[in-house]
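Here are some notes to read beside the model.

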Amino acid sequence: MRIKKFLISYGGHAAGNEQFLKKGRDVFYYCDNTPFPDLRDVIPDDAICLRPNKREWKSFLASIKPFPTYWKKEYFAEVCDGIQWEVKIVTDDFTFKSHGSNAFPADFEDFLELVRQFTGIKKFAVDVLVSSGTKALRH
């Protein structure tokens, strides 16, 4: 299965930003407490480079494949600042595109945990989610 696009971003104005982006065979991860360039434009020198093997990709994609069948394309709550997120994964078999601002699908944490397991980045979206108080904005 070919992965055509892979982008996961999470963060907010006051809480920092995190992104995963696949370029070639590599997945880059970058986290900063300030707004930073979009990884689609530039990969910072201190970005973490991951190289999942085919088995890891296959397992991860199988685990997330149900989400796009019921997640909405957009989640939104009227809140000044807060947390914005985006998932854009396109393969030969399925497309998963969803984004939000201060609102999340009910099983968003389950998705984040699958991303953490796949990438080995255990801190991904942990501090931001807990400190922002956004858990109440789940749908």
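1. A term comes up at once: a residue is buried when its relative accessible area is under 20%. Keep in mind that this is a predicted model.

2. Start with strand β6, residues 84-91. How many of its eight residues are buried? Six are, so the strand is largely enclosed by the rest of the structure.

3. Look next at the pairing with strand β1, which spans residues 3-12. β1 and β6 are antiparallel, with eight bridges between them.

4. Glutamate 86 faces histidine 99 of β7 across the pairing. The link from β6 to β7 is a hairpin of three residues.

5. Now move to helix α2, residues 108-119, and pick out arginine 116. Is arginine 116 buried or exposed? Its relative accessibility is 3%, below the 20% cut-off, so arginine 116 counts as buried.

6. What does the side chain of arginine 116 touch with its polar atoms? There is a polar contact of 2.7 Å with the side chain of glutamate 109. A polar atom of the arginine 116 side chain also lies 2.7 Å from the backbone oxygen of phenylalanine 124.

7. Setting aside neighbours within four places in sequence, its contacts are Glu109, Ile121, Lys122, Phe124, Ala125 and Val126.

Key:
Residues numbered from 1 in each chain as written. Predicted model: local features only at pLDDT ≥ 70, side-chain atom pairs only at ≥ 80, totals over all residues. Heavy atoms only, no water. Helix = DSSP H or I, 4+ residues; strand = E, 2+ residues; numbered from the N terminus. Buried < 20%, exposed > 50% of the residue type's maximum accessible area, 1.4 Å probe, protein only. Polar contact = N/O pair within 3.5 Å; in protein donor to acceptor, adjacent residues only side chain to side chain. Contact = heavy atoms within 4.5 Å. Pairing = 2+ DSSP bridges.
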